[in-house]
Amino acid sequence: MGAQRLLMLLVANVLFIACSQQLQLLALKSEAAIERLALLDLRSSLGIRAADWHKKSDPCKSWVGVECQSGRVTGLRLHGLRRSKWGRLNPRFSVDSIVNLTMLSSFNSSGFLLPGSIPSWFGYRLSALQVLDLCSSSVSGSIPESLGNMMRLVPPELYFLRNLVSLDLSTNRLNGMISSGMGNFSEIKYLNLSDNGFSSVVPAELFFLFKMVELDLSSNSLSGTLPEVRHLVNLQKMNLGSNYLEGSLSKETFFSLVQLESLVLRNNRFHGALPNVLWILPKLHFLDVSGNQFTGRLPDLGSNFNATIKVFNLSWNLFYGTLAVQLVKFGSVDLSGNYFEGVSLGSNLTKIQLMRNCLQMGNQRSLEECRSFYADQGTRFDDFGVVSRPSSNSKSRFVFIMVGVFGGVLLLVVLVVIMWVIQRSCRHVEVNGATNANAKHVSKDGTSASTMASVDVPHVGKSFTYEQLAQSTSNFNEKFLIKNGHSGDLYRGRMDSGTHITVKKVDVHVLNNESYVSELKFFDTVSHPRLVPFLGHCLDQDNQKFLVYKYLPNGDLAKSFNRKTSGTDGDLQSLDWITRLKIATGVAEGLSYLHHECNPPLVHGDLKATSIILDDNFEVRLGSFGEVHAQPESPPTSIPEFTNPRTPGQCLSGLSLTTCAHDVYCFGKIMLELVTGKVGMSDSDETIAKEWLEQMLSYISISDKEKLSKILDPSLMVDDDLQEEVWGMALIARSCLRPNPSKRPLMKHILRALENPWKVVRDGGPWLRTTSSRKSWAAAFFSSSSWRQNSSEGNAAFRRSGTSGSHSSSGQERQTSRKKLSSEIFPEPADAWFLESQNQD
């Protein structure tokens, strides 16, 4: 009996185990079936093409971007997936079906348009989620409470995201506050909320997440002081640039961040001394604190300073004193826009930028400006090394003064006589030259070689040899030719060091082209991140001159607007709206710098799609400066020195190339081309461009939004919110294209409008009225609370761009600019073919 009972128990156990396994298998199949239905529903709601997610295939084996473990979905990557026509026309944040993917640990939709707000159930229904990446997905609204944006007690559902390791919500339209509830993400390592509209202070709770490796809160509207960061002991990269943070940094602020490799605080309002600990952090190799109000002398670096810093940017602050010799050991140093005095660092200027200081070298601040600053610091300026010796008594001082006065008057008289003699001699030579063709060699277009050789050419940048440039371009081989420009041919080259460059070859005799002289003078005078990086020149050839720039891989706007997709069909894909708006804002920043931060104001004179260069991140760099010139106080009777004019009326602006209003007109055309997708119309035949512009403007109306859809680029996929931005840019473009130059807005007002173009439609203003003057534009910005800003005009224009070229804020920049009246007189355009009387608004 005992043996039989034992046998029965053994059989019962075997049957129980078999049944359990069968039940588990059935449950697994049931869960897999539920997840398959969820993926099919997601495929339908997002409009994903069958080529990527085929109905009849196994999602875990064949569907692109689906990751599984043991038959359960653990990861979804929408990046790179192609949509059907319906999906492209109706993009939306419709992912409700993923709540059934209970094992989902990673969701990545970067670059995949999901316009709309983040669903509130994201936090508490996806309990296994560890990685959430919504970068560049056109997400709008605020972060839902379940992800940490709470202004009351943390709800229990937040703790379902306690395993979150990576959260990327960058480059969207999110706004509101960054909640202190995010401090509960105890496992977070990578947090990126950059390029959104978050406001208020930075929550201190974020800086207690000791596992944090990378933190990026840049390009928002965050304010207040910087919280204590000493608990972020594992932090490697921190970017808080382009916000409104203020206050001073204590000496102990960064002392414990021994793993820190990159620190960016640019374009904020920090003041006081820069903590000395930044010079001794063992792994720091990138430091950018430009565009703030830091002040003080640089510390004595000695022999213990951190030589691992490769990029070191202190530009546009209030630092002063003498320069340390150890600075030459850094890879790249930018100290521009400060008040350093004394001698420069000799031959190491190729990697150290020192413009707009008080040093004993060229392109510095004025003597009065430097004296005033050092007087405010309670010390004396060295007067650029000039030693003044006061006379022993007043009588000898009076004698010296009188001798100087009479000597100066005599010298002035002598100079006037000499100039008169030279002028008469030049006229005599011209008359003799006209009668004697063999007197000297003259080029095809009438410019003498001797005249060109006598031009005073500044030697800005590095001096390259012809052999270096010829070797880098394989003797200017046609396969390296980028394009044939009207001021010279552009070639792509590669130096022995591996640096990629762009070389402009100018044939001075064939083209009678002295634009290279204007460009050299231009780059010797100005510097800004929105200008194409100028590296150097080669002027040792008689018939050819060469200018060298940094190579930007995306080329000009006309070339990069339509790109081939990575798919096998090779279709052309145009730029999305976010990138187009980014390009328009970048161009406006560059022009605003030329028009309002240079003294006297500079006119680009050749703005079109081919002069807008894009780097690998589609950041704008303005090029084609062969025709840049200073705008005079009144319309000149002769062309200024900085000019090489083409046909009057270029760009259909109705102006010769002498005023900033010409650039505004051409920029209006650029914006209209971005809206319609007809990039390159600036280079079209004048008659064709005129007809096209007249037709496009007839569809831009504040009273009828639907009219704009008839000229809108059909490849542009935008939701209702983005349509308001497109509409706003079109209205701004129409204001720039007014026939009367004095009615066109200033670039600084255009830039501010482009920062939030939807406000142009919602708030109304002078851009909607064809009779508005520049005064009404200015009044709109300074009277409307929605446009008012507390920052100074210079910093406000560049703060959202993330660039480091902004001048100091709050009046710290001591350069005086000539103020122009809004009623200044401009010549009326010849092409008044779209008169305001035809306006239908």
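Contact means heavy atoms within 4.5 Å. Keep that in mind for the exercises below.

This is a predicted model, in which local features need pLDDT of at least 70 and side-chain atom pairs count only at pLDDT 80 or more, while totals for chains, interfaces and linings use all residues. Residues are numbered from 1 along each chain as its sequence is written, and side-chain values use heavy atoms, with hydrogens and water left out.

**Exercise 1: the whole chain**

Find how many helices and strands the protein chain has, and what share of its residues is buried.

Step 1. Helices (H or I, at least four residues) and strands (E, at least two) are DSSP runs, numbered from the N terminus. The protein chain has 18 helices and 35 strands.

Step 2. Buried means under 20% relative accessible area, exposed over 50%, and partly exposed in between (1.4 Å probe, protein chains only). Of the chain's 841 residues, 49% count as buried.

Step 3. Now look at contacts between residues at least 6 apart in sequence: 62% of them join residues at least 24 apart.

**Exercise 2: helix H12 and its partners**

Work out how H12 is oriented against H15 and against H13.

Step 1. Axes are lines fitted to C-alpha atoms, for helices over the stretch in contact, and angles run from 0 to 180 degrees between N-to-C directions. Angles under 35 degrees count as roughly parallel, over 145 as roughly antiparallel, 65 to 115 as roughly perpendicular and the rest as oblique.

Step 2. Take H12 (residues 660-676) and H15 (residues 747-755): their axes come within 11 Å and cross at roughly 20°. The two helices are therefore roughly parallel.

Step 3. Check who touches whom. Val-664, Phe-667 and Met-671 of H12 meet Met-747, Ile-750 and Leu-754 of H15.

Step 4. Turn to H13 (residues 686-697), whose axis comes within 12 Å of that of H12, with a crossing of roughly 70°. That makes H12 roughly perpendicular to H13. On the H12 side, the residues that meet H13 include Tyr-665 and Leu-672, and on the H13 side they include Trp-692 and Met-696.

Step 5. A crossing is left-handed if the near helix is turned anticlockwise from the far one by less than a right angle, and right-handed if clockwise. H12 passes H15 in a right-handed crossing, whereas the crossing of H12 and H13 is left-handed.

**Exercise 3: two serines**

Decide for Ser-70 and Ser-219: buried or exposed?

Step 1. Ser-70 is in the loop between strand E1 (66-69) and strand E2 (72-77). Its phi is positive, about 55°, although it is not a glycine. At 68% relative accessibility, Ser-70 counts as exposed.

Step 2. Ser-219 is in the loop between strand E10 (214-216) and strand E11 (221-225). Ser-219 has a positive phi of about 55° too, and is not a glycine. With a relative accessible area of 12%, Ser-219 is buried.
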